[in-house]
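Please keep the sequence and the model in view while reading.

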Amino acid sequence: MVQVGNEVHNGILWPEGKIKGDSAESFSVLLRCASAAVRAADPNIKIMVHIAKGGDSKHSTKFFDKIISRDVVFDIIGQSYYPEWHGTLEDLETNLNDLATRYDKPIVVVEYKEHKKEVNEIVKNLPNGAGLGTFIWEATSPRWGNLFDRDGAANENIEIYPEFYQSYNK
């Protein structure tokens, strides 16, 4: 999988690729070129577009409608979810369920740090098996991921993941 950009909801390579209101043509051209480069390297590589709007259904839909209408090729929807910026767990669930149904593409929560079990439950239970999984942000950092101690040994926070690993692989 190749992620073309990180949290690209405002665009990439400013000022040329900045999204300004409904104007996203230059941005979409850049994403189309990035996708074409990935496909040229290997047509079997999955392409992810990742935005930071985990609990924001209105803006997520507006963004993906915008790029799809401009022929951006991608296979997977990526979302970041940090409650202080992206809303409640209920907001996340509503948004991801809507995206899974509306676009019929797999979904990954690409960045998160809090509510580890709940975020994974939401992703695992998306309609039509659309949830591919999650990536914790900075898993080795006590502040962000908090899955390992200072010596690199896994701590109790990692104990939920084997169960989710099994359920995602069914």
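Helices (H or I, at least four residues) and strands (E, at least two) are DSSP runs, numbered from the N terminus. The model is a predicted one, in which local features need pLDDT of at least 70 and side-chain atom pairs count only at pLDDT 80 or more, while totals for chains, interfaces and linings use all residues. Residues are numbered from 1 along each chain as its sequence is written, and side-chain values use heavy atoms, with hydrogens and water left out.

The crossing of H2 and H4 is right-handed, a term for a near helix turned clockwise from the far one by less than a right angle, left-handed being the anticlockwise case. On the H2 side the contact is made by Ser57, Ser60, Thr61, Phe64, Asp65 and Ile68, which meet Asn95, Asp98, Leu99, Arg102 and Tyr103 in H4; contact here means heavy atoms within 4.5 Å. By class, the residues of this contact are four nonpolar, four polar and three charged, where Ala, Val, Leu, Ile, Met, Phe, Trp, Tyr, Cys and Pro count as nonpolar, Asp, Glu, Lys and Arg as charged, and the others, Gly among them, as polar.

H4 also packs against H5, through Leu89, Leu92, Glu93 and Leu96 in H4 and Glu118, Val119, Ile122 and Val123 in H5. This contact has six nonpolar, no polar and two charged residues, and the crossing of H4 and H5 is right-handed. H5 in turn meets H6, with Lys116, Lys117, Asn120, Glu121, Val123 and Lys124 in H5 facing Tyr161, Glu163, Phe164, Ser167 and Tyr168 in H6. The residues of the contact of H5 with H6 divide into four nonpolar, two polar and five charged. The table sets out the axis geometry of the helix pairs.

| Helix pair | Axis distance | Crossing angle |
|---|---|---|
| H4 and H5 | 10 Å | about 20 degrees |
| H5 and H6 | within 11 Å | roughly 5 degrees |

Which residues touch the most other members of the largest nonpolar core? Of its 35 residues, these are Phe27, Val49, Phe63, Phe64, Ile67, Phe74 and Leu96. The elements that give two or more residues to this core are helix H1 (25-41), strand E2 (47-51), helix H2 (57-69), strand E3 (76-81), helix H4 (89-103), strand E4 (107-112) and helix H5 (116-124), and H4 gives the most, with six residues. A nonpolar core is a set of buried Ala, Val, Leu, Ile, Met, Phe, Trp, Tyr and Cys residues joined through side-chain atoms within 4.5 Å. In soluble globular proteins, nonpolar side chains tend to be buried together.

Leucine 96 lies in helix H4 and, at 0% relative accessibility, counts as buried, where buried means under 20% relative accessible area, exposed over 50% and partly exposed in between (1.4 Å probe, protein chains only). Not counting residues up to four places away in sequence, leucine 96 touches Gln79, Ile107, Val109, Ile122, Val123 and Leu126. The C-alpha atoms of leucine 96 and leucine 126 are 30 residues apart along the chain and separated by 7.3 Å. Phenylalanine 27, with its neighbours within four places in sequence left aside, is in contact with Val8, Gly11, Ile12, Glu16, Gly17, Ile19, Phe63 and Ile67.

Several backbone details fall in loops. The peptide bond from tryptophan 14 to proline 15 is cis, with omega near 5 degrees, and proline 15 lies in the loop between strand E1 (2-3) and H1. Glutamate 7, placed in the loop between E1 and H1, has a positive phi near 50 degrees although it is not glycine, and at 24% relative accessibility glutamate 7 counts as partly exposed. Aspartate 71, in the loop between H2 and E3, has a positive phi near 60 degrees, again in a residue other than glycine, and at 58% relative accessibility aspartate 71 counts as exposed.

Conventions
Axes fitted to C-alpha atoms, helices over the stretch in contact; angles between N-to-C directions.
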